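Me: I'm new to this one and would like a hand reading it. Could you walk me through a few features, one at a time?

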Amino acid sequence: QVDAVRVYVNSSSENLQYPVLFVVRQQKGVLSWQVPLIFRGLYQRTYNYQEVSRTLCPSEPTSETGPSDQIIFVDVSSMAPFNIAYELLVTRLENFQLETNKAFNFTASPSQPQYFLYKFPQDVDSVIIKVVSDAVYPCSVVSVQDIVCPVYDLDHNVEFNGVYQSMTKQAAITVQRKDFPGEQFFVVFVIKPEDYACGGSVPSSIHGNVNRTWNLQRMKNLQVTIVPSIKKSVYVQAMFFSFLSFLSFYLGSVVVAFVHYISTDTKLTVPFGSVSIAGSGIMTSSHPITASTPEGSSYGAIDESGSSGGHQLSSPERGPPAGSDTDSSVEEESDFDTMPEIESDKNVIRTKVFLYLSDLSRKDRRIVSKKYKIYFWNIITIAVFYALPVIQLVITYQTVVNVTGNQDICYYNFLCAHPLGVLSAFNNILSNVGHMLLGFLFLLIVLRRDILHRRAMEMKDVYTLDYGIPKHFGLFYAMGIALMMEGVLSACYHVCPNYSNFQFDTSFMYMIAGLCMLKLYQTRHPDINASAYSAYASFAVVICLAVLGVVFGKNDMWFWVIFSMIHVLASLALSTQIYYMGRFKIDGPDSDLGIFRRAAMVLYTDCIQQCSRPMYMDRMVLLIVGNLVNWSFAIFGLVYRPRDFASYILGIFICNLLLYLAFYIIMKLRSSEKLLPIPLFCIVATAVVWAAALYFFFQTLSSWEETPAESREKNRPCILLGFFDDHDIWHFLSAAALFFSFLVLLTLDDDLDAVRRDKIPVF
């Protein structure tokens, strides 16, 4: 048992010119202070304490000398020309050494700090120091220091040694045996003279009760409990659980592919029946293929006598032979359409009241495919240039935390932060493995479909060109890369989550939502979808707005006014482009007055003459609802100015995506199209998993929008395997939900593979 001595002094004098000086001399150190003891705060404010109590550095008897008495000298002096009364009391501490799994209650104040000793038991390699208090204020600091004298236990020097964190009602520090060669450490508790560091009020000026004596007015009751942390076997179990959970998706995909293969092999023996290509999304119709069908049949519509109003003339353009689907250096993307001018004027075709897929899939298939492959190559370039400085930055953050011991830099859930190596919260990083594994699996699924599609084209199957949704996989590849990068960057963010790197966790979420909307629109508008350059430029603008919103959005009304205006105008501009299929142009033949003339003409013809029924009713309904939703977001932001601006923008993206997906499915069913079992299963799985994921997402465990001490009030213990917290489960479920969402987009229109494009409506 280690003996410790505590010295209590008190003086009735409040004269700062002639303080009483106390010097305590021990065998291995000297400790001194004055009474009144002065603490300094913001604006050079001073706080005076006449009662001071300090614990002397303990002496532990060695095996050579055995127990012995401690000799302590206490020198009391003052330069005052008059007598000063003081009180001195020396006591032996009965409960200086903390025990494992046993709560200990005590009281501390700025002038009466406390510290205690803890020794690791033989079978414990890591412990968690849990400190709680019923009162939020006064603000306090919990520090873990090595057995070195003197102990830094005052507000101005507690940060000089060891690991520390500020505290209001709750704090937790994980300590590992390997970090302390002596297998013991001090737990130090310091009360700060002001509360601004913990989110309390900030002194307005230097004026006020400068010489006020505080004494016992900032006492705080604390309870400390030291519990063993998890064992190494739990780390192994958690890693196995993480990888096996998502590798089961690979097994499921193999089973589905095998079932498709067996089903396809059976169907090939049926004469004149429909032939499916497993997993490729390609199904040829039971129509016989005659020798009169040209090999290089058009990528556009096929003329069919006796067809209904949806019948369109075939494009005179002839695509290349099916087997020549190669990326030639000559075939560069161009702003010029590759359609012949005869009977194919875009302005005529795209402004018809009833549009069919053949009207918007008339461009050369190779050119369009190359256009969408740019999405894939661009996102790889973006990912490399984005990820490398991010990784370098978070490594620097983690190094600073480890070197300085300042645990206020990173906003972890300290009650469930399991270190590994140099990483302070390995569990938050490990839980992102799902995004990377499922993103790679989605890339494999898309690659398989792409290969089977190419094989079908090499067989010179005309139906692969003229039936079903055009097969362009560039956006799907980009979505898979984006899902993997979301896992990488989310893991980087959770190395040290804080105010400075929040955008790492959300940037690719914006891109995923945007790419999903673009893919959904591309499905039935392959010729007029946005280019990769404009799409990624738009994402860059959104990320810039997100950063500006976090910096300026808390208190600056001018930012919300400008952002709301940009939001509303962007919604109107995008709605105009969607409504007119990209053919709306504001231009004039002569001067700038032509702009207004053109705008007035469009408003007159489309709003006044046909106000009873818009020309494109379905599109109008979608755009009206979409604009109402976006305007509601803009008004909500302007009125309430939410503090979490990054999540606010992400909510805008997700709501627009869900709205468009719901509209697409409703219009699909309204057009008498079917939902096959696989997309139907994926839709149900997406809804269920997203609902569960969002439940855990809203279980806020920390918040970098508050002070570190306030954030720690939200910390909670682990809930899965004793290793993962609510946010880790959000990572697991959101990865699965995104994967199922991607599969919905990949398989949603597989039922149309045997339908002619001039029979597939556009909406």
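Me: What is the torsion about the S-S bond of C139 and C198, and which hand does the disulfide have?

Reply: A disulfide is a covalent bond between the sulfur atoms of two cysteines. Here a pair of cysteine sulfur atoms within 2.5 Å counts as one. For C139 and C198 the torsion is about 50°, so this disulfide is right-handed. C139 sits in the loop between β11 (126-132) and β12 (140-145), and C198 in the loop between β15 (184-191) and β16 (220-228), so the bond ties together parts that are 59 residues apart in sequence. Their sulfur atoms are 1.8 Å apart.

A word on the source: this is a predicted model, where local features need pLDDT of at least 70 and side-chain atom pairs count only at pLDDT 80 or more, while totals for chains, interfaces and linings use all residues. Residues are numbered from 1 along each chain as its sequence is written, and side-chain values use heavy atoms, leaving out hydrogens and water.

Me: How many disulfides does the structure hold?

Reply: There are 4. Number the bonded cysteines in sequence order and the pairing reads 1-3, 2-4, 5-7, 6-8.

Me: Which hand does the disulfide of C410 and C496 have?

Reply: That one is left-handed, because its S-S torsion is about -95°. It links distant parts of the chain, with C410 in the loop between α3 (365-404) and α4 (426-430) and C496 in the loop between α7 (474-495) and α8 (503-524), 86 residues apart. Helices (H or I, at least four residues) and strands (E, at least two) are DSSP runs, numbered from the N terminus.

Me: Is C410 buried or exposed?

Reply: Buried means under 20% relative accessible area, exposed means over 50%, and partly exposed is in between (1.4 Å probe, protein chains only). C410 counts as buried because its relative accessibility is 2%. C496 is buried too, at 0%, whereas C655 is partly exposed at 32%.

Me: What does V446 touch?

Reply: Contact means heavy atoms within 4.5 Å. Leaving aside residues up to four places away in sequence, V446 touches F473, F476, Y477 and L746. V446 lies in helix α5 (residues 433-458) and is buried, at 0% relative accessible area.
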